[in-house]
Amino acid sequence: MAGPCTGLTVLDFSLGMPGALCTLVLADYGAEVIKVEPPGGDPFRFQPAWISWNRGKKGIALDLSTAEGREQAIQLIAGADVLVESFRPGDMANWGLGHDALSRLYPGLVYCSITGFGQNGPLRRVKGYEGLVNAKAGRMLNLEGQPNREGPVYSAVHTGSWHASQAAVRGILGALRVRDQCGRGQWVQTSIVQALASPHDNNVGNGGLVNMQLRRRDPDRFPGRPGGRGLSSIGYVPVRTKDGTWLQHANQRVPHIQGHLKAIGLEHLLEDERFARVPAVNEENRELLRKEILNKQLEKTSDEWMEIYLQDGNIAAEPYRDSVQAMDHPAVIANGTVVTIDDPRVGPMRTLAPLVDLKDTPGGPSGPAPDVGQHNAEILERLSGPSNAASGESPEANGSDAPAHPLSGVTVLDLATIQAGPYGAALLADLGARVIKVDATDRRLDEGRRSTSQAIADARTYSGKEGIQIDLQTPEGKEIIHKLIAQADVLSHNFRLGVPERLQVDWETCQKINPRMIHIWMGTYGEHGEHARRPGAHPIPGAIMGGAMRQMGKGMPPPPDQSMDVEETVEATRWAMKSNWGPDQNTSPAVATAVMLGLRARELTGKGQPVHVTMLNANAWTNADEYFDHANRPPIAMPDPEIHGLHALYRLYRCREGWVFLGCLFQDEWEAFCLAVGRDELLSDGRFSTPEARQTNDDALVAEIAGIFAERTADEWEALLTEADVGCVRADEAMEGDFYADHPHARANNLSVEVEHPVVGKYRRYGGLVELSMTPGIYRTATQIGQHTRPLLREIGYDDQAIEDLGARGIVQWADTSDGGEP
């Protein structure tokens with residue numbers, strides 16, 4: 001059966017990774033995507049992954065600097081459903097191709113803009129490279145302490161680009177859903193700075209909005225800036241093995257943590273009163289236990305330990321791999337998390353598989369990326385053809401009957417736990433879906449969630465939801481969930497294989513109750529192969545898919561032949577774990593995209609279907625700039641050992657006061673930099689005159705530029721170089737949370753919004769990751785577990801006496817505020 005985007009025509013004017021990944025998803029699921037490039041080609045073609053991001057698309061070259069090129073573009077847009085662009089605000093409008101002008105010509109057009117810093121505010125025209133956005137928004141300062149030096153730390157994995165790409169997909173599919181209802185398109189806007197607001201905002205110690213508010217509310221308990229030197233929990237301990245290979249553990253639950261100790265031969269420590277209640281041990285005993293584990297795991301090789309873990313089946317651990325080695329992992333192969341396409345430039349190329357597995361309307365790659373202008377003749381012949389986008393105003397296309405929000409009328413049952421699944425559902429709540437969070441009755445965390453820290457931390461995973469607690473292991477609990485299933489559009493869960501059948505929330509059961517249901521399953525590895533039933537929390541995809549290795553920088557983890565004492569090993573484990581952040585959050589956009597694609601497929605077929613998402617595949621896409629392989633592939637781009645950046649023109653520098661991040665990706669930017677800083681002699685220096693020469697002499701260029709930046713303050717350099725249109729921003733101005741709460745640019749773009757919680761009162765949560773001009777999102781407070789148990793039970797037919805009886809028998813539970821209305 002055809003993919004859910006079949007029949008759509010998408011014009012991709014974007015440059016770089018975010019737009020390319022957005023339209024790649026649409027192409028994989030059936031859309032005709034036409035890549036529109038300038039006559040010399042997309043300037044980001046220099047990136048080796050460009051041919052991976054742009055596979056399955058057609059290519060046309062248009063010169064938008066000429067009247068003829070702009071007229072051809074306008075005619076081409078007449079036949080399009082969607083336009084995607086990533087120019088700085090104002091550029092498309094200056095060419096007569098902005099949203100306002102095109103929406104008058106083609107009211108049905110869905111117009112999507114992806115920028116670096118957003119459409120408004122003082123930073124709107126700053127170069128939108130991810131490194132610059134990360135630095136200015138405080139992400140690099142949050143990472144301070146990962147290596148043993150002061151100052152901000154380069155963020156190696158392009159999480160902002162990944163999240164922005166999928167925010168754009170959600171916005172586009174949401175806008176198309178609205179267009180199907182009212183006949184009118186709209187402007188979809190997202191940015192890297194928007195997309196970075198939420199993924200890092202879940203932890204009291206990470207410097208995001210949560211930490212910022214806790215520091216301000218309770219400075220005695222949460223003093224100053226969060227440190228980056230802390231060690232991981234025992235469950236998440238990285239270890240070195242006999243052969244020098246490093247393993248990352250990811251055991252969250254007590255049975256799994258204790259099972260790990262038993263499997264490696266340390267079960268006797270569980271009889272020691274210092275460790276008997278692990279992981280609930282004090283810091284001193286935790287560090288004693290850590291050293292016991294590190295010493296013990298040196299007794300066997302990585303392969304020997306992994307054989308033991310696989311036989312056990314309940315211990316989460318994996319060796320660290322880079323993004324190319326990831327493609328050979330047995331679970332990647334067994335679950336089709338890599339595909340091979342033939343590219344005429346490089347030969348067979350292993351690359352990204354389609355993002356999610358829609359069982360009835362699957363996606364698939366469809367050929368190599370185009371050469372510049374490869375399809376000009378074919379595409380330009382269409383210019384006098386029929387229009388897909390509505391070409392004139394009519395009563396049917398004025399948007400008067402548009403829904404309030406893109407997902408108004410959609411009900412999602414969120415049965416997932418931890419972060420990846422619940423955050424994915426929260427992204428749908430932000431678009432107006434009714435999301436009902438179903439928690440187990442054994443989660444008696446009400447008091448914890450009434451605390452300031454927990455209630456604010458829940459802002460990401462519980463925002464905008466209603467909450468109910470049900471014991472699904474009882475017949476009565478199953479009856480309740482089945483009544484909810486009958487009225488829902490989507491069910492999302494992350495249970496291990498076999499559990500859904502036991503709880504009677506599996507696809508086969510749901511299909512019988514509600515044939516139109518979209519049934520989302522999110523797992524770590526996938527449903528096939530020897531790893532399918534293994535547990536896996538967020539450090540696992542980080543270790544397997546290469547993100548952690550990139551963030552560690554060159555020389556880490558220490559090579560097998562390096563001799564290390566236990567203290568050096570402890571330090572290496574700290575560095576490794578501090579490098580392994582984000583895989584949970586990186587999976588959430590894939591969950592949300594799976595739902596959006598499933599809903600669109602249902603509009604075409606009238607039926608629901610099962611959709612599978614894996615953390616491994618989502619993190620392959622997050623690492624899309626390195627997740628590809630072919631003959632003569634360039635080496636993976638790694639940060640320097642102290643993690644300042646990738647090369648002299650894309651890295652952090654210390655100034656006379658403060659730090660800056662410099663982002664000069666192109667020759668004209670290098671020339672502008674030299675002129676702006678008064679060092680035009682560098683342009684004629686043979687060591688630095690060409691990109692190839694600069695690469696060869698990178699260390700010398702770092703030294704030259706470091707000397708330049710030492711002459712002024714970070715603020716002075718930002719002002720001077722921004723005026724010259726050179727990408728340079730201060731990198732230590734504010735922690736991430738402070739930036740999103742207080743910076744004038746954040747305020748101008750509503751990057752955080754104030755909401756009111758029933759217990760802790762007013763607080764700030766992240767704003768919209770994508771905005772739609774006609775049907776905006778809705779940003780609500782986090783809720784308590786079980787807050788809406790009673791009203792939800794009444795809604796599906798239970799009277800008060802029956803509800804009290806269910807509560808007395810422990811079938812359901814509720815919070816004290818459960819009679820409160822909508823979240």
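**View A. Contact residues of helices α1 and α8 in this predicted model.** From α1, Met17, Pro18, Leu21, Cys22, Val25 and Leu26 take part. They meet Ser161, Trp162, Ser165, Gln166, Ala168, Val169, Ile172 and Leu173 of α8. Sorted by class, the contact of α1 with α8 holds eleven nonpolar residues and three polar ones. No charged residues take part.

**View B. Crossing of α1 and α8.** Helix α1 covers residues 17-28, and helix α8 covers residues 159-182. Their axes come within 8 Å. The crossing angle is roughly 45°. Angles from 35 to 65 degrees fall between roughly parallel and roughly perpendicular, so α1 is oblique to α8. The crossing of the two helices is right-handed.

**View C. An open sheet of seven strands.** The strand order is β3-β2-β1-β4-β5-β6-β25. Pairing in the sheet is mixed. The edge strands are β3 (58-61) and β25 (771-772). Each of these edge strands pairs on one side only.

**View D. Strand β2 beside strand β3.** Strand β2 spans residues 32-37. Four bridges join β2 to β3. The two strands run parallel. Ile34 stands opposite Lys58, a residue in β3.

**View E. Helix α1 packed on the sheet.** Here α1 touches β1 (9-12), β2, β4 (82-85) and β5 (110-115). The direction of α1 makes about 165° with that of β1. Helix α1 also meets α8, through residues including Leu21 and Val25 of α1.

Methods: Residues numbered from 1 in each chain as written. Predicted model: local features only at pLDDT ≥ 70, side-chain atom pairs only at ≥ 80, totals over all residues. Heavy atoms only, no water. Axes fitted to C-alpha atoms, helices over the stretch in contact; angles between N-to-C directions. Parallel < 35°, antiparallel > 145°, perpendicular 65-115°, else oblique. Left-handed = near helix turned anticlockwise from the far one by under 90°. Contact = heavy atoms within 4.5 Å. Nonpolar A, V, L, I, M, F, W, Y, C, P; charged D, E, K, R; others polar. Pairing = 2+ DSSP bridges.
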